[in-house]
Amino acid sequence: MSRRYLIAGNWKMNGSLPANAELLGELALQQERYPGIDMLVCPPSVYLESAGRQLGGNMQLGAQNLSDQTKAGAFTGEVLGAMLAELGCRYVIVGHSERRALYGEDDATVARKFAAAQAAGLVPILCVGETLDEREGGGAETVLARQLGAVLGACGIGAFARAVVAYEPVWAIGTGRTATPEQAQAAHAFLRGQLAAQDAKIGDSTRLLYGGSVKADNASSLLSCGDVDGGLIGGASLKAAEFLAICASAQALSTN
Ligand code: PGA
C-alpha cells in the first residue's frame, strides 16, 4: 500500500515568538508546493496556540510531550492530552530518547503516555531506538522489540491503526552521524515485521519515520527506503530552507 510521507519537525526546547513567526511564515508560504505529503511542526507547548494560528493548509500541529494522566487534576507542571487537542494538536511525540534518558521515562510510562494521547484523540508518534553500545553489542533489535512490545502489550495492536512509529537511533540524534539507508531500512523492516506479525493490515499501513541527523542532503536517500515513510527532524527543522528541502525530497518521491 502507499503510505503518505509525514515530515515532522521536532523543535525541541527551541524558539521564541519572533523566531517562530519567521520560520512558520516561510513554511506557510511554501507548503502548497508539497501537496502529496503531510507536514507537521512540534513546537514547545507554550507556543502551540500561536503556532496553530500561523500554519498553512498542508501543515499540522503536534506537541512534544504530554501527561500520562487522562483526567485533569493536581499534577503541577503537567499538560493533559485534551488540552493539546483543544489547541489544535493532531499529533504528540511520546518516548523520545531525550525524555527516556534525561527525564527517566521508562517503557511503562511511555505506554501510559501513548494511551493517554489516544484517549485525547491525538495520534502518538512513538519513538524507539537503540544506543551505540546496544547496537555494537548486537542488541539493537532486542531494544526495538522491547520498546515497541511495551506499547503493544499495554495498548494492543489495534492501537497502531492510529499511531506513527519513529525509529531514532540514539547515536544519530543531534550528532551529525546518520544511519545509512541500509541500517534505517533494516530497522524499519524489523519494526514493521513486529507489527505485521500481529496484524498484517496494520503492519502495512502504519507510518514509520526515521529520525537522527536528517538533513536536506541525506533526506532523499533515507526517504527512498521502502519502509521509511517520513522523517522526524530535529536540528534541521529549525531552518526553513533545510526543512523545506526535506519536504521537497519527500514530495519528489511521493506517489500521491
Ligand atoms: P536531529 O534530532 O535531527 O537533530 O538529530 C532528531 C530528533 O531527536 O527527533
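In the classes used here, Ala, Val, Leu, Ile, Met, Phe, Trp, Tyr, Cys and Pro are nonpolar, Asp, Glu, Lys and Arg are charged, and the others, Gly among them, are polar. The model is a predicted one, in which local features need pLDDT of at least 70 and side-chain atom pairs pLDDT 80 or more, while totals for chains, interfaces and linings use all residues. Residues are numbered from 1 along each chain as its sequence is written, and side-chain values use heavy atoms, without hydrogens and water.

The ligand is surrounded by 13 residues, each with a heavy atom within 4 Å of it. The closest are Lys12, His96, Glu168, Gly174 and Ser213. By class, this shell has 4 nonpolar, 7 polar and 2 charged residues. A ligand oxygen atom lies 2.7 Å from a side-chain N or O atom of Lys12, and an oxygen atom of the ligand is 2.9 Å from a polar backbone atom of Gly234. The protein buries 95% of the 280 Å² that the ligand exposes when taken alone (Shrake-Rupley method, 1.4 Å probe).

Strand E5 (residues 123-128) has 5 of its 6 residues buried, so it is largely enclosed by the rest of the structure; buried means under 20% relative accessible area, with a 1.4 Å probe and protein chains only. Strands are DSSP runs of at least two residues, and helices (H or I) of at least four, numbered from the N terminus. Strands pair if DSSP finds at least two bridges between them. E5 runs parallel to E4 (residues 89-94), joined by 4 bridges, and Ile125 is the bridge partner of Ile93. E5 also pairs in the parallel sense with E6 (residues 164-167) over 4 bridges.

Gly81 lies in helix H3 (residues 81-86) and counts as buried at 3% relative accessibility.

Definitions and conventions:
Buried < 20%, exposed > 50% of the residue type's maximum accessible area, 1.4 Å probe, protein only. Polar contact = N/O pair within 3.5 Å; in protein donor to acceptor, adjacent residues only side chain to side chain.
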